[in-house]
Amino acid sequence: MMYRLRAVVCALAGVTVFTCIASVKWFLVTDHLVEQRSSGASAMPEDAPWSHVAETMAHRREEVETACEGKGGRRGQGESGAAGSGVEEGSSSSSSSSSASSPPPNPLTEELVANPRKLNNLIVDDRNRILYCYVPKVACTNWKRVMLILTGRTNETSPLSIRSDSVHRMNVFTKLSQLEPDAIRHRLQTYTKFLFVRHPIERVLSAFRNKFQKNYTSSAYFKKRFGVKIIKKYRQGIDPAQVPATGDGVKFPEFVSYLIDTKRSQLNEHWAPVSDMCHPCAVRYQIIGKYETLAEDSEYILRKVGAPPNLHFPEIIPSKTTGFVESYFDMLSEEQQRDLIEIYRDDFEIFGYHHRNLI
């Protein structure tokens, strides 16, 4: 009887010890998970089906790095991360980085800090530690909708519920150009930075078709502001009195002549080179999205920055402009073709696009 009693006591003691150990392990694991979430760690597992996108992004960063070095625009180490480094540098950087010794200033970055107006296309999201350089005609309306949700400046949860014109109004977003020099440096060094690019000629053609050939509300403004002047200057044999006051009827070769004759610094953002608005040789973009892979790249970014699981980029409507590029380009003289490509040469070389199939 005594032996049976001892056996029962030992069994109960063993169960108690096992339960305690299991409880301790559960609390340790739970505490680790809570700590991991609060530290802002990447919300997307590295072995997710996004590995091929991560590899593509690394290749694009290397392309930019190489092109910038070839142009004498070598980046210094004044921005976080080294060439080929992952997105995690910006998306999960902690306060410990600020306590480290400050890196030497990057001359290219300091040039932007000294001329903050050049940073007007970079939208600041302090909530998620993001800088987004918007490029007109590269899905920037939908990305601005998404950024409104990410920054918490709207109660809407679906991007398409936000009016398209509302995201282009002044003072909707905080721009990097509005901040003090030290605040600019800090965000350039520590935030996740991304942009989207597109084949330069296709982007120019998209802007031309949208602003001069369509009848959108915004088109009327562009036709009056630019169209009238373009027709007066480049339409051969036209009587100034016959130029439509609305600016309707601009032809693509006339528009291209206007681009060629205009200083790059004075080009409207809808057709200004991406390299002049986003400064890829001075700003280290961890993510370089492309219009050609817009859906996949956009979803990758949202998951990388820890966006709400129910927030997705709007459904992509295929652009019809791609099919018109060659026919419109053929409208130009050989000299116009060469001069147009020269305007966007930096964009071609830095972002890995080609024009050999056009001329």
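Visitor: What sits over the ring of Tyr134?

Guide: In this predicted model, the charged end of Lys144 does, 3.8 Å from the ring centre. The distance part of the rule asks for NZ of Lys within 6 Å of the ring centre.

Visitor: Which ring has the charged end of Lys290 over it?

Guide: That is the ring of Tyr353, with 4.4 Å between the charged end and the ring centre.

Visitor: How many aromatic pairs does a search of the whole structure find?

Guide: The search finds 22.

Visitor: Why is the pair of Tyr221 and Phe222 called edge-to-face?

Guide: The ring centres are 5.3 Å apart and the planes stand at 90 degrees.

Visitor: What makes Phe255 and Trp271 an edge-to-face pair?

Guide: Their ring centres lie 5.1 Å apart with planes at 80 degrees; the angle is over 60, so the pair is edge-to-face. Phe255 is in helix α10 and Trp271 is in the loop between α10 and α11, so the pair ties together parts 16 residues apart in sequence.

Visitor: How do you know that Phe255 is buried?

Guide: Its relative accessible area is 0%, and under 20% means buried. Trp271 is buried too, with a value of 0%.

Visitor: Which residues do ring pairs link into a cluster?

Guide: Among them are Tyr221, Phe222, Phe255, Trp271 and Tyr328.

Definitions and conventions: Residues are numbered from 1 along each chain as its sequence is written. This is a predicted model: local features need pLDDT of at least 70, side-chain atom pairs count only at pLDDT 80 or more; totals for chains, interfaces and linings use all residues. Side-chain values use heavy atoms; hydrogens and water are left out. Rings of Phe, Tyr and Trp (its six-membered ring) pair if their centres lie within 6.5 Å; planes under 30 degrees apart count as stacked, over 60 as edge-to-face and the rest as tilted. Helices (H or I, at least four residues) and strands (E, at least two) are DSSP runs, numbered from the N terminus. Buried means under 20% relative accessible area, exposed over 50%, partly exposed in between (1.4 Å probe, protein chains only). A charge sits over a ring if NZ of Lys or CZ of Arg is within 6 Å of the ring centre and within 35 degrees of the ring normal.
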